Amino acid sequence: MSLFDKLSRRVRRWREGRRFARSLRHMQGAMGPVGQPGDVVVVALVRDGAYYLDAFLRYYRALGAAGFVFCDNGSSDGTLERLAGEADCVVLQSTLPWGEVENRFRNHAAKAHCAGRWCLYADMDEKFTFEGADRIGLPGLVRYLERQGHTALVAQMLEMFPECPLREAAGWSFDESVERFRFHDLRGVARYEYHSPEVSFRYALGRNRVTDERIKVMFGGVRSRVFGEACCLTKHPLVFVGEGVEPGVHPHASAGVTCADFTGLIRHYKFAGDAAARDADTLARGVSVHGEDAKRLEALGDEGLSLWSEAAREDQSFAALEAKGFMVRSEGYVRYLEGEA
């Protein structure tokens, strides 16, 4: 890259940063860090998330989150009104095009409200979990990570779906969808070394260290097979916002982190509710930056479309997922869980 190109890129990034800063509005909640040092704070990007909101708050509060930072992109479905009465919630808003601001939004929210804390990035249609979650919660998890000197946890995303056609789920509540989306399908999952040059966002991983070489970056799976999406299944949802760490530089990664010696799990409910209507809205607003929404919407026009097949599996246990090469478990962490029991 020439010197001119480098300077042009810097100027462009500076202008984009200024534009984002001017667009940013603090709607409610703490002006600075949420909770206490060492706490876990959930950062969620949202637009029209009312369908998920009650279940989302209930789930992460029960898991031990100290608070929430919602990065709103212009909700008009009652999301902001519903959050107005929640004392543990910060709400920020920018209505700039989604593809332009999502990384800046993640980064800003973590630095402004999670400094000295653990930031848990969670989409509204996700449920992050980990082995022993029901026993130790998030506080117990980060105690282990801090003792080991880890500053991030890698998690793999498991696409959940029901046994029936997806269109039948359009009228279900999110709670009902979670109950009935019991299946997954790991066929067609491609696995790459963490620092492989084939990983499209390797620039974000270059300064990271993994403490177990079994941890891979994964792509594909059932959505790739059915819709042709080049979806990444690997994320760094949990990161400590401390010295040398650059949080949320990519939708799936933070930089400058030391990753734990095991992986967490994200159960993804992409097709809960009316998925076709959501994709149609995204396309109508022109915020789709990768074309995957259009691919899904075309396929979802088939009312009989189902992700279920005889190859679908219901066992979501960590042992079963480890046996399939999807999860990594750690003897040290298992011993820690035994000591905490």
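This report walks through a predicted model of one protein chain, from its overall make-up to single residues.

## Ground rules

Residues are numbered from 1 along each chain as its sequence is written, and side-chain values use heavy atoms, with hydrogens and water left out. Because the model is predicted, local features need pLDDT of at least 70 and side-chain atom pairs count only at pLDDT 80 or more, while totals for chains, interfaces and linings use all residues.

## The whole chain

The protein chain holds 11 helices and 15 strands. Helices (H or I, at least four residues) and strands (E, at least two) are DSSP runs, numbered from the N terminus. Of the 341 residues in the chain, 52% are buried. Buried means under 20% relative accessible area, exposed means over 50%, and partly exposed lies in between (1.4 Å probe, protein chains only).

Now take the contacts, meaning heavy atoms within 4.5 Å. Among contacts in the chain with a separation of 6 or more, 77% join residues 24 or more positions apart.

Strand S7 covers residues 152–159, and eight of its eight residues are buried. Ala152, Val154, Gln156 and Leu158 point one way. Leu153, Ala155, Met157 and Glu159 point the other way.

S7 has a partner in strand S11 (residues 234–240). The two run antiparallel and are joined by four bridges. Two strands pair if DSSP finds at least two bridges between them. Here Leu153 stands opposite Leu238 of S11. S7 also pairs with strand S15 (residues 264–268), this time in parallel, through five bridges. Ala155 has Gly264 of S15 as its bridge partner.

Strand S6 spans residues 126–129. Glu126 and Phe128 point one way from S6, Lys127 and Thr129 point the other way, and all are buried. S6 pairs with S15 over four bridges, in the antiparallel sense. One link sets Thr129 against Leu265 of S15.

Strand S5 runs over residues 118–121. Trp118 and Leu120 point one way, Cys119 and Tyr121 the other, and all are buried. S5 is paired with S2 in the parallel sense over four bridges, and Val43 stands opposite Tyr121 of S5. Three bridges also join S5 to S11, and these two run antiparallel. In that pairing, Trp118 faces Phe240 of S11.

## Helices H5 and H11

Two packed helices are described by the angle between their axes and the distance between the axes. Helix H5 (residues 133–148) and helix H11 (residues 331–340) pack at an angle of about 130 degrees, and their axes are 11 Å apart. Axes are lines fitted to C-alpha atoms, for helices over the stretch in contact, and angles run from 0 to 180 degrees between N-to-C directions. H5 and H11 are therefore oblique to each other. Angles under 35 degrees count as roughly parallel, over 145 as roughly antiparallel, 65 to 115 as roughly perpendicular, and the rest as oblique.

H5 contributes Arg135, Ile136, Gly140, Leu141, Arg143, Tyr144 and Arg147 to the contact. H11 contributes Gly332, Tyr333, Tyr336, Leu337 and Glu340. These residues divide into six nonpolar, two polar and four charged. Ala, Val, Leu, Ile, Met, Phe, Trp, Tyr, Cys and Pro count as nonpolar, Asp, Glu, Lys and Arg as charged, and the others, Gly among them, as polar.

Phe326 sits in the loop between helix H10 (318–323) and H11. Phe326 is buried, with a relative accessible area of 2%. Leaving aside neighbours within four places in sequence, Phe326 contacts residues including Gln156, Met157, Leu158, Leu186 and Leu265. Phe326 and Leu186 are 140 residues apart along the chain, yet their C-alpha atoms are separated by 8.2 Å.

Gly74 is in the loop between strand S3 (67–72) and helix H3 (79–83). Gly74 is buried, at 17% relative accessible area. Not counting residues up to four places away in sequence, Gly74 touches Arg47, Asp48, Gln93, Ser94 and Thr95. Asp48 lies in the loop between strand S2 (40–46) and helix H2 (50–63). Asp48 is partly exposed, with a relative accessible area of 26%. Phi of Asp48 is near 55 degrees, a positive value in a residue other than glycine.
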